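This report is meant for a reader meeting the structure for the first time. Please look over the sequence and the model before reading on.

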Amino acid sequence: MNHDDTVYACALNRIFAYSCAKGKALAERFPSPGEIFSLGRGGLEDIFGKGSPFVEKISDKSILDKAEGDVAWAGKMGIPIIYIGDREYPGRLRECPDAPIVLFYKGTAGLNPEHAISVVGTRRPTAYGLRICREIIKELSCTEPAPLIISGLAYGIDITAHIAAMENGVGTLGVMATGLDCIYPHLHREYAARMAGCGGLVTDFPPGSRPLPVNFLKRNRIIAGISDGVIVIESNIKGGSMITAGLASSYSRPVYAVPGKIGDHLSAGCNELIRQNIAEIIACPGDIVGQIGWKKSESPVDQNKTRTPENYDSIKRNILLALSSRSVQDTDSLVMASGADRKTALRKLAEMEIEGTVIFDSYGNYMLKDI
């Protein structure tokens, strides 16, 4: 696709940002996005009808100026812009009726892996939910080939899934509700940087897009559509995880849910998905591979951890000393115990979480993982 087509594609992406199904249908009708902008008002009215806001938006040449800015920014940052008709575009996602016209992608993993699974859940998980998430990812990492682990980079189950994937040496993809120039939440910047080197970050939002609430709901369709199935770990009866599960079901993707106690609001969503036969029950982490229909690897998986506690520096050793296998410490306490300034201590804690030494529970507390 030449430069002009890329600009036209980015313009369509902006115009149909919140009318994705119409945008996709238009892109399928006109293989070259530039054709749409050459139709003129009369041709556009034949498609959309007189008085349609889309006629005005496509006729407004200022949208092309914004799109040129998107292309220039992506070129400067070395970020590929993938059009829905491109070979690199994720085939699973292309099947969905509301697939985005354009994707901005930063990473090393291909977007058409043999196996891909999405993992979603509450932003405020219990210690049980965190443990089960890690155990499920560990089981998935032992398949051949190992899957691409997909989630939304949010607090709680999302970031735990990404971290667990990196702990187990498998690729992980973060689907963002912002442009690639705005990592949200801000505290996950270092995780995002690591993910770009062992998986990737993807979004249909152009640069400058901020974390509006509606964008997270829109983002969920990519999480649901880009994978072979969705795993839900701890979810209230309402929320983004339930929306993602519903979207996955509408796309004919299998949904799997971890059950919980009756009356526990964090398990109410999962239990409801199972009750309505929308989701298959995950009775134990080891079941998930067979349920999906993948095969276990015959050789042990290299965990690919970069450090061990034995060769930690003094800051990390101070943090370890402040924790025990049964204790929970808040962030401020660990910063003080580390003997380092806050910025350095937080960076060390992030490294230890990636390495699998400590677990962050999204309340600002840390606990020592069994190693």
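This is a predicted model: local features need pLDDT of at least 70, side-chain atom pairs count only at pLDDT 80 or more; totals for chains, interfaces and linings use all residues.

Among the 15 salt bridges that the structure holds, one joins the side chains of glutamate 167 and arginine 134 at 2.4 Å, N to O. Glutamate 167 lies in helix 9 (residues 157-167) and arginine 134 in helix 8, so this pair ties together parts that are 33 residues apart in sequence. Glutamate 167 is buried, with a relative accessible area of 3%, and arginine 134 is buried as well, with 7%.

Lysine 316 and glutamate 351 also meet through their side chains in a salt bridge, at 3.0 Å from N to O. Because lysine 316 belongs to helix 15 (residues 314-322) and glutamate 351 to helix 17 (residues 342-355), the pair ties together parts 35 residues apart in sequence. Both lysine 316 and glutamate 351 are buried.

## A surface patch

Tyr18, Leu212 and Val214 make a nonpolar surface patch of about 290 Å². Leucine 212 is found in the loop between strand 6 (199-203) and helix 11 (213-225), and counts as partly exposed at 46% relative accessibility.

## Confidence

The average pLDDT of the protein is 90, and 93% of the residues score at least 70. Over residues 301-308, however, pLDDT stays under 50.

Notes:
Residues are numbered from 1 along each chain as its sequence is written. Side-chain values use heavy atoms; hydrogens and water are left out. Patches are made of residues with over 30% relative accessible area and no salt bridge: like charges are joined within 9 Å, nonpolar side chains (Val, Leu, Ile, Met, Phe, Trp, Tyr) within 5 Å. Accessible areas come from the Shrake-Rupley method with a 1.4 Å probe; for residues, only the protein chains shown count as cover. A salt bridge is a side-chain nitrogen of Lys or Arg within 4 Å of a carboxyl oxygen of Asp or Glu. Helices (H or I, at least four residues) and strands (E, at least two) are DSSP runs, numbered from the N terminus. Buried means under 20% relative accessible area, exposed over 50%, partly exposed in between (1.4 Å probe, protein chains only). pLDDT is the predictor's confidence in each residue, from 0 to 100. Contact means heavy atoms within 4.5 Å.
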